[in-house]
Amino acid sequence: MEEVNQSVVFEFIILGLCDSWVLQAFFLVIFSSLYLITILGNIFTVVIIITDLHLHSPMYFLLANLSFIDFCLSSVTTPKMITDFLKESKTISFEGCMCQIFFGHFFGGGEMVLLVSMAYDHYVAICKPLHYSSIMNRHVCVGLVMTSWIIGFVHSISQLVLIIKLPFCGPRELDSFFCDIPLVIKLACTDTYILEMLIKADSGALAIICFILLLISYSHILFTVCLHSKDGASKALSTCTAHITVVVLFFGPCIFIYLWPVSITWVDKFLAVFYAVITPLLNPVIYTLRNKEIKNAMKRLLC
């Protein structure tokens with residue numbers, strides 16, 4: 001089996017988003033612009049948090065790590081998609097495909113856990129303000145970030161181990177713009193039912209557990225504030241809205257792609273674009289443009 005895997009399939013054919021050259025030229029301009037804005041926005045967020053002493057707090061430390069992960073996540077698939085718009089024959093090597101799968105799940109899994117860490121930071125800040133400094137100390141913050149990277153790595157490796165030795169002997173067409181497990185596993189020339197269930201259980205468990213923890217955290221924040229004052233509840237709701245928006249936009253496509261029993265090609269492509277291109281762009285916009293301290297830091301930097 002291993003010999004077949006390595007001697008027959010050296011590359012996969014990427015069908016991309018569409019066949020029309022006019023639409024591909026349009027997408028080339030749009031996605032190139034979005035990717036440039038994403039990279040600049042996330043790098044700027046990291047730089048401004050590092051350089052401004054007023055932002056050296058647990059919340060912004062976690063936000064800087066989120067921006068770095070978004071920078072990495074958007075760079076896993078988007079550059080390849082953009083360059084493929086210029087090519088008539090779109091292919092990706094077997095090794096390149098496995099790398100996309102590994103890093104996509106590595107950064108994606110890490111971001112899920114990091115969003116939970118950020119929700120915990122918000123919970124402590126709002127529900128236990130007097131103990132915030134002692135609970136969210138430097139060691140705890142570094143530990144939360146390291147945990148997100150470790151869980152992302154373990155999740156990614158567990159996914160890769162399940163598929164890398166599968167026999168691929170044709171066909172080799174991927175009806176998408178990048179490699180992802182649900183598409184690649186369909187090309188294996190063996191029964192993959194049990195393997196698909198294991199992969200869905202792995203990805204689904206991580207996504208659902210993180211999503212439930214986030215819902216519990218933000219629900220507890222709003223419930224706690226509502227007990228004290230209506231004005232506080234309104235302010236807390238306004239503060240949490242941005243974070244809840246990021247959570248829904250990030251987890252929605254993931255849960256749909258990996259857990260929805262029916263696969264619809266155009267829906268999967270739309271959600272994949274949203275997850276890989278749009279979400280990393282929206283995160284710095286949502287977190288920074290609504291944040292007064294970030295705005296003040298930008299003014300100090302530009303003055």
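I13 sits opposite E173 of strand β3, and that pairing is a handy way into this predicted model. Two strands are said to pair if DSSP finds at least two bridges between them. Strands here are DSSP runs of E with at least two residues, helices are runs of H or I with at least four, and both are numbered from the N terminus.

On to the other partner of β1. Strands β1 and β2 run antiparallel and are joined by 3 bridges; E11 has S93 in β2 as its bridge partner. Put together, this gives an open sheet of 3 strands in the order β2-β1-β3, with mixed pairing. Because β2 (91-93) and β3 (173-174) stand at the edges with a single partner strand each, one side of each has no neighbour in the sheet.

Now for helix α4, which lies across β1, β2 and β3 and runs at about 85° to β2. Axes are lines fitted to C-alpha atoms, for helices over the stretch in contact, with angles running from 0 to 180 degrees between N-to-C directions. Helix α4 (residues 94-127) also packs with helix α6 (residues 138-163), at an angle of about 145° and with the axes 7 Å apart. The residues of that contact split into 17 nonpolar, 10 polar and no charged. Asp, Glu, Lys and Arg count as charged; Ala, Val, Leu, Ile, Met, Phe, Trp, Tyr, Cys and Pro as nonpolar; the others, Gly among them, as polar.

Helix α4 also holds E111, which counts as buried because its relative accessibility is 0%. Leaving aside neighbours within four places in sequence, E111 is in contact (heavy atoms within 4.5 Å) with L66, I69, D70, L73, F250 and N283.

The unreviewed UniProt entry places "transmembrane region" features at several spans, including residues 62-82 and 102-120. Residues 102-120 are 100% helix, with end C-alpha atoms 27 Å apart.

A note on the numbers: residues count from 1 along each chain as its sequence is written, and side-chain values use heavy atoms, without hydrogens or water. Local features need pLDDT of at least 70 and side-chain atom pairs 80 or more, while totals for chains, interfaces and linings use all residues.

Notes. UniProt positions are given in the numbering used here, feature names are shortened, and annotations may be inferred rather than shown by experiment. Buried means under 20% relative accessible area, exposed over 50%, partly exposed in between (1.4 Å probe, protein chains only).
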